[in-house]
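Hello,

Here is the structure we talked about. Please open it first, then read the notes below.

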Amino acid sequence: MLRSLTACTTRHSWKFILLWSVVGMVLTIFGQSKMYSVTEPDVGNFLPKSYDSAAALKIAEDKFGAKPDGNAVTMLVAREDGRKIAAADSARIDKIAAGLGKHRLKMENPEDTPSFLLTDHSQRPVLRPLADAPDKSFRLVSVSLKGNQNDPALQDVFRDFREHAEKEFDRAELRTGFTGGLADLADTADDQEDTEMLVGILTMGLIVLLNVLAFRSVLAALLPLLAVTIIGGAATGAVVGAAMLFDFKLDPSTPSLITVVLLGIGIDYFLFLLFRFRELLRADPAARPRDVAAECAGRVGAAIASAALTIVAAFATLGIASFGQFKVLGPAIAVCVLVMLVASLTFMPALLAVSGHKMFWPSRSLRKEPRPGLSARLGERVARRPFLFVAASVGLLVALSAGALGMKMDYGTDSGPDDTPAAVTAKEISKALPGGVDSPHTVYVTADGTKKVTIDRAGLEGLTKDLKAVKGVGRVAPPVLNKEHTAAKVDFYLDVDVQSQQARDIVSDEVRPVVSKAAPPGTEAHVSGQAAIFSDISEAVSKDLKVVFPVAAALIALILIALLRSLLAPLVLMLAIGLGFTATLGSGVLVFQHLLDRPGVSFTLPLVLFLFVVALGTDYNILISDRIREEMGRPGSARQAVAAAVRHTAPAIVTAGVVLAGSFASLAVNPSPATQEIGLVTAFGIGLSSLVLSIVLVPAVVAMLGRATWWPSRSGRGSGGAHGGHGHQVPVPAQFGAYAGTYQRQEHGSSYGSQYGPPYGSDHGSELRR
């Protein structure tokens, strides 16, 4: 079926190219316009409703009309001359604030997005007094704007409000500052705009440079990038469409992760095809490019399909997670990878069929066989001394894995630089007020509907008194009742940083037991707020790690068994993959927790790292294993087969690995510490997978085990044609007859340097040396 699909694709290549171009353009516009309408900015809404903070948020919405898309910004107002705020100043501040609340903010549409795709954020802000500094140096006002705070359009609306507010207060000789939520994101976006653009250019430049070095061709350097851009837009649109169709929300970090994953694996798959396409053209220059492209896609397509399905299976396991942030990330990445898989089997082969020999212009690589290079020498050494390479690789991985001992989780949410206007304002506030003043926590008390109990302020006196007595709790606000007196809320402020572990311990170990005990009879009480939410998230994540890890590992193992038709080979790969994961995690803990002295690694890192490194890194292990299996189906010893497989496959794996690692490393400029960690540590893990596991450890183990690696099946021993990798012979088409004959003659050479020519040999030898 795979060969029939690729043959159809190359036979109607222009039709497939046109189809993908149109679909890609339409879905790109749709995805970019609607992405922020399907993202959920509040991480607390990803918690299952059974958790205490999630129940509190539900009460806030049902009983007090709290809006899930409300964004509170803290506005600081102070005198320009530095004097204390007097009563007259406070009255003037409140009057100006009331006027600002009546001014309607209009959202502009500079890109002329079609109205049916546009989310209009035009609105009137809601302002209310928040608190005064104890020394009367400033007054705080809460500003609320509705919408997704990650949407650049809403950030523009906030900038308009900020500019208008600064002018109004300046007339009254008052200065302003803004911090929290939307203000932080807007300032961070302004601060990082040039940096992100530069990193994007450098990432694209890296991909082009690597392709130029590998193929010495203009088209081969630029076409993969163009193709992946079109496919990426289509995949993003498909994810947004799926989210709207099945009514689920994405995490704000999902768009950036989608971009990185698609860029990385898309370039990987195109490189796998390009290397094989070039070798087949060398073997028979007179063959029609359409036939060569079909043969190329048919041979490499099985490995690409298996690799892509491994990623899909791994991320699909996130669907069983209880924490919604993980639960939605899995399907999103899975949809993207499936789109990339379909494109790899249709769009990319069509591009190869159309471009033909021009793909490698002006390089002369199709005219002559390059000399053996670094990959050939590496393959020879690994095959000759496998035990040494196994010991060295395992020693390195175990040493790095030791870094994971003592790992701690960090649930901090600081996502911006410390020198932006919002950060400077936050520091000014923190000097005069408790650490939690700009992030209040709330106790929600609700009556049992079946008992028709009503709540009054007198009944809440005991709760507020006990709450004030909790060490670490600062000011406790008076209770506020809803209209029906069936619910009440009590705001309280912590004396410590709400993002710290200490705050989470205070809420979970002190506040919640006190609140539960002091709640009036016939009522139940729940606690919300940042520390409460992340306390529950830590519990949910711990449970998910225990479930997702083994399920994902089992699915990956089953796919490897189906691909390799073996029990021992998948076991070897899974052990190697496991070592690669622990080594990568250990490296991240060493760098971020110990060397950089952070409170710990991001709570999302272990699970996301497991999926990215294991699933994406398995691509390379599948490619090398499939090639080793193919080589063992031909005459010669097992070690000769390993040497040939490393020589033929290493250049593609190394080039693809560097591209994928570079894509993830680009996340290092993101202001979010969690995203930085995911980017840098995943990049390192991909490097380990491609440079250590795939071309050293796995081949060395197979060289030691020999053909027993494929137990209980037997490796084929055909003398001609390409082995299909599944224990049977795949006939070589008539137009590649010379290719098969050349291979058979070279197969019986006497040294590693001469016996491995085509089918892969013409690509390799000089790629790493170049």
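Proline 362 sits in the loop between helix H11 (347–355) and H12. The peptide bond that joins tryptophan 361 and proline 362 is cis, with omega about 5 degrees. Helices (H or I, at least four residues) and strands (E, at least two) are DSSP runs, numbered from the N terminus.

This is a predicted model, so local features need pLDDT of at least 70, side-chain atom pairs count only at pLDDT 80 or more, and totals for chains, interfaces and linings use all residues. Residues are numbered from 1 along each chain as its sequence is written, and side-chain values use heavy atoms, with hydrogens and water left out.

Two loop residues have a positive phi. Glutamate 173 lies in the loop between helix H5 (152–171) and strand S4 (174–179). Its phi is near 60 degrees, a positive value in a residue other than glycine. Glutamate 173 counts as exposed because its relative accessibility is 58%. The cut-offs: buried is under 20% relative accessible area, exposed is over 50%, and partly exposed is in between (1.4 Å probe, protein chains only).

Histidine 485 is found in the loop between strand S8 (480–481) and S9. Histidine 485 is not a glycine, yet its phi is positive, at about 60 degrees. With 34% relative accessibility, histidine 485 counts as partly exposed.

**The chain overall**

The chain has 23 helices and 11 strands. It holds 770 residues, and 57% of them count as buried. Take the contacts (heavy atoms within 4.5 Å) between residues at least 6 apart in sequence: 80% of these join residues at least 24 apart.

Strand S6 covers residues 441–447. How many of its seven residues are buried? Seven of the seven are, so the strand is mostly covered. His441, Val443, Val445 and Ala447 point one way from S6. Thr442, Tyr444 and Thr446 point the other way. Residues on both sides are buried.

S6 pairs with two strands. Pairing needs at least two bridges found by DSSP between the strands. Six bridges join S6 to strand S9 (residues 487–494), and the two run antiparallel. There, threonine 446 stands opposite alanine 487. Six bridges also join S6 to strand S10 (residues 523–528), again antiparallel. In that pair, valine 443 has valine 527 as its bridge partner.

**Two helix pairs**

Start with H12 (residues 374–384) and H20 (residues 638–665). Their axes come within 8 Å and cross at roughly 150 degrees. Axes are lines fitted to C-alpha atoms, for helices over the stretch in contact, and angles run from 0 to 180 degrees between N-to-C directions. H12 and H20 are therefore roughly antiparallel to each other. The classes: under 35 degrees is roughly parallel, over 145 roughly antiparallel, 65 to 115 roughly perpendicular, and the rest oblique.

H12 passes H20 in a right-handed crossing. Right-handed means that the near helix is turned clockwise from the far one by less than a right angle; anticlockwise is left-handed. On the H12 side, the contact is made by Ser375, Ala376, Leu378, Gly379, Glu380, Ala383 and Arg384. On the H20 side, Arg639, Ala643, Val646, Arg647, Ala650 and Pro651 take part. By class, that is seven nonpolar, two polar and four charged residues. Ala, Val, Leu, Ile, Met, Phe, Trp, Tyr, Cys and Pro count as nonpolar, Asp, Glu, Lys and Arg as charged, and the others, Gly among them, as polar.

Next, H7 (residues 218–246) and H8 (residues 254–283). They pack at an angle of about 135 degrees, with axes 9 Å apart. H7 and H8 are therefore oblique to each other. This crossing of H7 past H8 is right-handed. H7 residues in the contact include Ala220, Leu223, Val228 and Gly232. H8 residues include Ile258, Leu262, Gly266 and Phe270. The contact of H7 with H8 has 14 nonpolar, three polar and no charged residues.

**Two buried helix residues**

Serine 306 is in helix H9 (residues 289–316). It is buried, with a relative accessible area of 13%. Not counting residues up to four places away in sequence, serine 306 touches Ile559, Leu563 and Ile622.

Valine 614 is in helix H19 (residues 605–632). It is buried too, with a relative accessible area of 3%. Valine 614 and glycine 580 are 34 residues apart in sequence but 7.8 Å apart in space, C-alpha to C-alpha.

Best regards
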